[in-house]
Amino acid sequence: MNALLEAVDAIAVHFGVLVLGVTIVLAVGCVAVTFARRSGERRRLGGLCAGAVALYLAVAVVPLPRWAPDAVEPAPRTVAAASERIERLLAATADLVAVPDPADRVATPSSPDPTIAAAVPAPVPAVPAPIVAAAPWPWARLAVGSWLVLAAAMALRACVGFARLFRLLRASRPVADAELAGVEVPRGVRVRGVERAVRPFCAWCGRSVVVVPVSLLAPECRSQLRSVLRHELAHVRAGDPALQLLLTAL
């Protein structure tokens, strides 16, 4: 638990502006891609978003003087300031209380035995109680914690999607060349059919793959299969599966 809190504090102190900037760039890029109508526009905006994030990360790691919001002082600085204030108060009160020298004591009639009076210890000045600064509300830690929770949720969502994709590919079968309706498939691209009722799609799993339902492999669906394969292969040639994987990782 302490290691997790230390990691959260490190992100809050050193990487707050970096996380905020990357999140803003990705949010703007995702909104632009969502509202784009044509696939070419979405592809271009996605590439620009990925390039903007990479450029922001490259500029962020350069040790240049940069602006940072007013962050809450960490606990060591607060304790050090309180200790310094206590030392100043002790130095100021030490001169106000003077301890008399026992040699200067003079016996008075009210003191029957001067030796007993001299043996009585002098009063010790009261030490002021340590001033402990009130712990400020950990806004930075809460912000970083919320960001980590959302990032973990999105990472879990991506992992679930990859697991479903791999399970679907494991249950699929390769499509023979005779079933491709005369469409030329580029080298290195796999075409697989699944028994489930899924929409045709393309993905990148080490190599490009096009997945179609086996219902499209029927002889009476050759024209529809031809159109579907040409559409999906156009996405593969444009590099859309790799770009989608990059955006998911970002």
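## Contacts, helices and salt bridges in a predicted chain

Ser-208 touches Gly-188, Val-189, Arg-190, Ala-203 and Val-236, leaving aside residues up to four places away in sequence. This structure is a predicted model. Ser-208 sits in strand β4, which runs over residues 208–213. Is Ser-208 buried or exposed? Ser-208 has a relative accessible area of 14%. Buried means under 20%, so Ser-208 counts as buried.

**The whole chain**

The chain holds eight helices and four strands. Along the sequence, their order is α-α-α-α-α-α-β-β-β-β-α-α. The chain has 250 residues, and 20% of them count as buried. Its accessible surface comes to about 18,000 Å². Carbon and sulfur atoms account for 65% of that surface. Now take the contacts between residues at least 6 apart in sequence. Of these, 56% join residues at least 24 apart.

**Helix α3**

Helix α3 covers residues 39–60, a run of 22 residues. From its first C-alpha to its last, α3 reaches 31 Å. That is close to the 32 Å expected at 1.5 Å a residue. Which residues of α3 are buried? They are Gly-46, Cys-49, Ala-50 and Val-53. Seen down the axis of α3, the buried residues fall within an arc of 90°, so they line one face of the helix. Arg-44, Leu-48 and Leu-55 lie on the other side of α3, and they are exposed.

**Salt bridges**

How many salt bridges are there? The count comes to two.

| Arg-43 | Asp-240 | 2.6 Å |

Take the bridge between Arg-43 and Asp-240. This pair links distant parts of the chain. Arg-43 is in helix α3, while Asp-240 is in helix α8, which spans residues 240–249. The two residues are 197 residues apart. Arg-43 is partly exposed, at a relative accessible area of 27%. Asp-240, at 16% relative accessibility, counts as buried.

**Helix α8 and Leu-245**

Helix α8 also contains Leu-245. What does Leu-245 touch, not counting residues up to four places away in sequence? The answer is Phe-162 and Trp-204. Leu-245 counts as partly exposed, with 27% relative accessibility. Leu-245 and Ala-203 are 42 residues apart in sequence. In space, their C-alpha atoms are 8.6 Å apart.

**A nonpolar patch**

Which residues make the nonpolar surface patch of about 290 Å²? Leu-20, Ile-24 and Val-28 make it. Ile-24 belongs to helix α2, which covers residues 16–35. Ile-24 has a relative accessible area of 48%. Exposed means over 50%, so Ile-24 counts as partly exposed.

Technical notes
Residues numbered from 1 in each chain as written. Predicted model: local features only at pLDDT ≥ 70, side-chain atom pairs only at ≥ 80, totals over all residues. Heavy atoms only, no water. Expected span 1.5 Å × (residues − 1). Buried < 20%, exposed > 50% of the residue type's maximum accessible area, 1.4 Å probe, protein only. Arc of directions from axis to C-beta. Patch = residues over 30% accessible without salt bridge, like charges linked within 9 Å, V, L, I, M, F, W, Y side chains within 5 Å. Areas by Shrake-Rupley, 256 points an atom, 1.4 Å probe, with all protein chains shown as cover. Salt bridge = Lys/Arg side-chain N within 4 Å of Asp/Glu carboxyl O. Contact = heavy atoms within 4.5 Å.
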